[in-house]
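Trainee: Could we go through this structure together? I would like to begin with one residue and then move to the whole chain.

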Amino acid sequence: MDLSHSADQLALQEAVGRLYAKESHPERVRAAEATHGHDPALWDALTQMGVPTMGVPEGRGGGGARLADLAVVAEQHGAHLGSAPLVETMVVARLLAAAGAPGEAALARLLDGAPAALALRPVAPGTTVAPLVPGGAVAPVVVARQGDELVVALDPAATPKATLHDGPVGDVDLDTAGERAVLATGRDAAGRFEQALDEWRALTAVALAGLARAALDIGVGYVKERHQFGVPIGSFQTIQHTLADAHTATDGARLLAYEAVWAAERGEANAAALAAQAFWFAGETAERASAASLHFHGGYGFMLEYDIQLHARRAKGWRLLLGDPRYELRTIARRRWLTPPADTPAGSPAAPEGTAGAGRPGDDEDGREGAPTVAEEGMDFALDPASEQLRREVRAFLAEHLTDDIVERALDTGTMHDWGLHRKLCERGYLAAGWPKEVGGLGHSAVATTTLMQELYRAGAPIDAMNMAAMVGATLLLRGTEEQRREILPRILAGEVLCALGYSEPDAGSDVAAAQTRAVRDGDQWIVNGQKMFTTMAHEAEYVFLLTRTNPDAPKHKGLTMFLVPMSLPGIEVTPVATVGGERTNITFYTDVAVPDSCRVGDVDDGWSVMHAALVYERASANWGEPAQLVELAAQWAATSSPDGTRPFDDPVNQERLARWDTELEVGRLLLYRSAWMAASGALPLVEGSMAKLALTEAFVRASSDILDMIGPHALLPRGEATTVRGGHFEHAYRHAMVTTIYGGSSEVQREIIAQRGLGLPRSR
């Protein structure tokens, strides 16, 4: 996995960015609106650089660039609101080059500098006029699917259309062309057309992500400078939270768009589904990001002299080129869950619309095995061999050791822990999978350990204790005393003892640094008094990792000290708390508890820095596996026929809702793995980890609720009821999802981090 551009791509990005900054600034974009959305000077500059045909093989007169290189250009095109049919021309050029002799004459026109258009929807039988065609108002080369033929028409009559600022769109009469050639017929025509259309989807998604980022940058810059009531409006919490959501979605849209490009280039089985997902999500994100930025401009945003309105109109226009976005959701659903014909490889160019079945990354059946290897540098979304091997090992481990009885017992008791499974996990070294081998770990990268955790989450393994033990163990490894590392750490690694986290308090919540549990020094020990909330696993743990206040006169982050306190000490009381999610947590009370100084972890009054790494670790381990499995189970339920022969999946509303949540969770997965990739590269992804947690938990809550809506009242019946759906799984997920937006830092806290540390906004008010 590598989510960075190659050196050559970075150079290309810089060169194309300079060209667009000069040739596609806002004044030029405005001027192009008077010429059907086309800027001839911009087009001339692009052709002089060889950009439109850079994807044509070098032997055919092009630049020999990969689809990923075209995506780099498309991102700049979107960011600068390029007023020319660039994406369409790049896609058509690749299609014509692959078509061979029938496309030679048309390809020659493109190599000479002519723009091209791609009719995104087939022309109806008996019809000569194609639907609205991007680039159709100015392009002398038009490719369209007409009946069972894929044709290229030269110099057809075009009628420019005044659209919502989405470029040179027009109606095209194919029968008025000066020359017309058939590129393919029948099934081959359908396959080539769908392949070109999906390349257009993926590249346009990248362009929309670039547009979204540019619009967001304008909005962020404005709210930093605009003052109301004596302060920057960027300090208003509502504005910060909205922009944090937009920032997260924009990063996710970019990752999804580049993943779609990568999958198309490799011929991945899920490439067709990803192309549709990327186009839909990037369009939604661009529209929302630009609308939010415009809104925060207030009345100025509606003045034509301000640039943000250009982005808002272009975002809407590009998004509608394929029609109602709801239909794209239905396309996603068909591609994700319908099985392809037995004689058609999934994702092959010959697979007709709606038949490209696709699994998710990490599925055995997703076609990733045996996929061609791309040797060139650039973004690579595949798991590295070590991570892939660990994934397979974990699946085999779970098949052997995770039984239905274990899962049922955890759900019945609310204690998400099983001693037998926990010890087996520890025996395999999974608790310390990411630790260096020289200190007893397996030496896996953060990408591999993220893969490990997602497999456990996906299987429903009760691993709350494992997560906490790993956090405490890692902290002891880094900040513990020699005695703690010698006496306690090996027992944690062996699965002999558990550790609970004593952070939250009744009046502190997510503001952990406001802790008031007092520890007063008394010789070689400390006297602790106070109360902790949500001390999950305290009733099973031998130790509690306790945050205390040791200096009430210091700033709240400076007067904290951490202790690893034995739960057996006199004065500790544990009171169970049942939650709406069905899990047990605890309130713990500490009354004159005498804690030896040898239990202290780190320096006195330095507890915040001791705890900080653990919080980062917790946020970086966001849960994709559980909600992703929920959507898959819901899709399976929807595909089951009723006694009357109908299926819930056949309802377009259900297709839309399943596609939406599958797409949003894929975005969350990419944000999660970006965080892991950064950590594996030596970075500290605090903001990126917050983005992943925010995206995944919020999507989990909305998806679990919407799935209940889809299934109906029977889905509300809990486990044990005779007529419950899927053993009450959906009902439990709905209840459990609610708390995921709280623990590990609430969604509001994550938005504060993203807004202030990621976007540089001032402290909120």
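**Cysteines, chain and selected residues**

Mentor: Cys-426 has a relative accessibility of 9% and therefore counts as buried. Buried means under 20% relative accessible area, exposed means over 50%, and partly exposed lies in between, with a 1.4 Å probe and protein chains only.

Trainee: Before we go on, where do these values come from?

Mentor: This is a predicted model, in which local features need pLDDT of at least 70 and side-chain atom pairs count only at pLDDT 80 or more, while totals for chains, interfaces and linings use all residues. Residues are numbered from 1 along each chain as its sequence is written, and side-chain values use heavy atoms, with hydrogens and water left out.

Trainee: Back to the cysteine, then. Which cysteine sulfur is closest to that of Cys-426?

Mentor: The closest one is in Cys-499, and the separation of 11 Å is too far for a bond. A disulfide is a pair of cysteine sulfur atoms within 2.5 Å.

Trainee: And what about Cys-599, buried or exposed?

Mentor: Cys-599 is buried, because its relative accessibility is 11%. For the sulfur of Cys-599 the closest cysteine sulfur is again in Cys-499, at 12 Å, which is too far for a bond.

Trainee: How many disulfides are there in the whole structure?

Mentor: A search of the whole structure finds zero disulfides.

Trainee: Let us step back. How many helices and strands does the protein chain have?

Mentor: The protein chain has 24 helices and 17 strands. The radius of gyration of the chain is 28 Å, close to the 27 Å from the globule rule for 765 residues, so the chain is as compact as a globular protein of that length. That radius is taken over C-alpha atoms, and the globule rule is 2.2 Å times the number of residues to the power 0.38. Helices (H or I, at least four residues) and strands (E, at least two) are DSSP runs, numbered from the N terminus.

Trainee: What does the C-alpha trace span along its principal axes?

Mentor: The trace spans about 95 × 65 × 50 Å.

Trainee: How much of the chain is buried?

Mentor: Of the 765 residues in the protein chain, 58% are buried. The chain exposes about 29,200 Å², and carbon and sulfur atoms supply 53% of that area. Accessible areas come from the Shrake-Rupley method with a 1.4 Å probe, and for residues only the protein chains shown count as cover.

Trainee: What share of the contacts joins residues 24 or more positions apart?

Mentor: Among contacts with a separation of 6 or more, such residues account for 73%. Contact means heavy atoms within 4.5 Å.

Trainee: Changing topic to loops: where is Met-537?

Mentor: Met-537 lies in the loop between strand 12 (525-532) and strand 13 (543-549). Its phi is positive, about 75 degrees, although Met-537 is not a glycine. Met-537 is buried, with 1% relative accessibility.

Trainee: What is the phi of Arg-726?

Mentor: The phi of Arg-726 is near 50 degrees, a positive value in a residue other than glycine. Arg-726 sits in the loop between helix 22 and helix 23 (729-740), and at 39% relative accessibility Arg-726 counts as partly exposed.
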